Amino acid sequence: MTLVLTGASAGAWSAASTAAFETAPRGRPGLAPDADADAQVHPAAKRPASLYRAAEPETSEAVLELVGVSLSFGGVAALSEVDLSVRRGEILAIIGPNGAGKSSIVNVISGVYPPDRGHVRLKGQRYGQVPTQKLARLGVARTFQNLALFPGLSVLDNVVAGRAHRARSSFIEQLAGFGRAKRERLDARERAADVIDFLQLSPLSERLVGTLPYGLQKRVELARALVAEPDILLLDEPMAGMTATEKNEMAGFVTAARDRFGTTVVLIEHDIGVVMSLSDRVAVFDHGRRIALGTPAEVQRDQRVIDAYLGVAEDENAGEGEEL
Amino acid sequence: MTMTAFATDLIPDTRPSRGLPGWALPVSVLAVAYLAVPLLATNYLFEAILLPFLALSLAGVGLNILTGYAGQVSLGSAAFMAVGAYAAYNLNLRVEGLPLIGSLVLAGLSAAVIGLAFGLPSLRLKGFYLAVSTLAAQFFVQWALTKFSWFSNDSASGVIDAPPLNIGGVALDGPVGRYLFALTVVAVLTFLSHRLVISQTGRNFIAVRDNETAARIIGVPVLKTKLLAFAVSSFIIGIAGVLWAFAYLRTVEPAGFNLDRSFQILFIVIIGGLATIRGAFFGAALIVVFPLVLSRFGAFVLGDVFDSGVLDMSQRIVLGALIILFLVLEPDGLAALGHRIRRRLPTVLSRR
Ligand SMILES: Nc1ncnc2c1ncn2[C@@H]1O[C@H](COP(=O)(O)OP(=O)(O)O)[C@@H](O)[C@H]1O
Ligand SMILES: [Mg+2]
């Protein structure tokens, strides 16, 4: 069975060839029970993986890791024993059908949901629950699947707000308006103007953000995340509901942001074409489990991915070695 | 309460054609208020309209910071006014040689402390539940001021009389003096409020109001921001209470700061427009002038039938209808209405 996955036109293809296939981590506590099964399904894929490991240990450049993360909502398992490590400077796409747990991953990383089990490793620190209020200072910025802008603020002020984590001046200093408060204000405005310019939003910068069309609001949200100069950028379906042109523009911005600032990007996206052309690695989720992880090309050949996307009931494939 | 509160103060006014700078309007209003009004206005105008208008406008500005900008609904405004009024009274009475400005600022700070305490539930509660919990402030303060006669220097039923007002030896006891005093206090605090809402802190208020999770994620200290909104708002409302007691009524009792007053201030903010400083002035003007107009009009049309009972009832009915009308048709209040008219006017005129 083959699945034709076409690549989008965004000229963003980058270091994908250098990122080798990664099978599920071995011998680590909290290993997902299906991870070995995962490896068994792809005997051919093992070779490049071991070659890669010989060259450099997998965890050496992990800037963000989920270890054995499980999360459930009243009996519904949103995430089951998820392990995932994100490498510095890569664009890692997370794909999977609706309800697969993609947003839950971003919500766990940003501390919006505390995981039931497992932990998140961020900048060498281990967190049972990531402290959301410190997230920006830890160098993580995110966008939301459903817009989370401040509709009562202009585009410029929404983006300036993205510098909130840098503000040190008290409100009294801000009332007086000189010294540190003034420096912070000017700095935030200047950086916001830069990012707005970069994302080609300048003509709209005085508009109330709530009055913009959906696609542009998504772009403003990206701007608000970028202005924080994050090391890690979590994008939850930044291109959902966009036209093909808008998607291409957005894809261009994401790669440009990575290339310009060296930002590590975790990207949730449904459009397979965009994912294949944009990402260095792809993690595929289904029913809260990671069912595949590798380069776009490897993931495209993966039987489980094909099954999940074609909606084939998993128990019918038990003969192929999948146990769930 | 899901109203679209837009921070119209933050949007550069797209005033057509006239290239007036932003400060032109406030400065000309102040010029008229300081120079023309004292010459032209009658005692009646000061006592019945301008003084309550100034005090209520300031209370509206204070509540707007909390409710309009920071999105925290409060029904305790009158309580914070009472704290301000009684604190200023006691400071003036008990602290030898404290100048009026000193007791004014300390009264504001007292109200801020009480506001902070009653703002603590906001860390857990939202919307309707928070509004109900702020009622606690309303009932507690009124109870405490009536129960402990110390607050009113042992006067019957907690009534207090304002001390003579003077600043630097200049007596301000006539209507004009009290008007100029109130005007100055209101002008200064309004200016500072404007500075606040366009600052990083003001942006934080709006961020918390519009999307608390997103605010937290970009690094807005959400809890601190909410408490600060309560403190600043109560500070301003407390000082509005001092103006109410010292400059306007001169004799007040705790019952004057009841739930009706809290609602009145909330209506000022809703009618004037959430998250606009100038809206509070429009709202207060309407609330103050409207009953007077209604009573004249009622007496004119209905004659003797229109007694105080009927007046009170018709006032409530019309005001209630007005608020519903505003919530439905112009949720952004008089300020937005004015804004729209200003924008359309040139187009309408140029068609002639
Ligand atoms: N806040 C929540 N309350 C209840 N169930 C939730 C919540 N968030 C997610 N879920 C459930 O968790 C599962 C995974 O959801 P989600 O992570 O949003 O999936 P995806 O982003 O892949 O579509 C779904 O079954 C969803 O219904
Ligand atoms: Mg999702």
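Mentor: One term before we start: a salt bridge here is a side-chain nitrogen of Lys or Arg within 4 Å of a carboxyl oxygen of Asp or Glu. This is a predicted model, where local features need pLDDT of at least 70, side-chain atom pairs count only at pLDDT 80 or more, and totals for chains, interfaces and linings use all residues. Residues are numbered from 1 along each chain as its sequence is written, chains are lettered from A in the order in which they are written, and side-chain values use heavy atoms, without hydrogens and water.
Trainee: Which residue does E249(A) form a salt bridge with?
Mentor: R219(A), with the closest N and O atoms 2.3 Å apart.
Trainee: How is chain A split into domains?
Mentor: The domain assignment, which is automatic or from a database, gives domain 1 (3–139 + 230–320) and domain 2 (151–228).
Trainee: How many salt bridges does the rule find across the interface of domain 1 and domain 2 of chain A?
Mentor: One.
Trainee: And how much area do domain 1 and domain 2 of chain A bury between them?
Mentor: About 1400 Å², 71% of it on carbon and sulfur atoms; buried area is the accessible area (1.4 Å probe) that two parts lose on being put together, summed over both.
Trainee: Which residues in domain 1 of chain A lose the most area to domain 2?
Mentor: P230(A), M250(A) and F253(A), together 34% of what that side buries.
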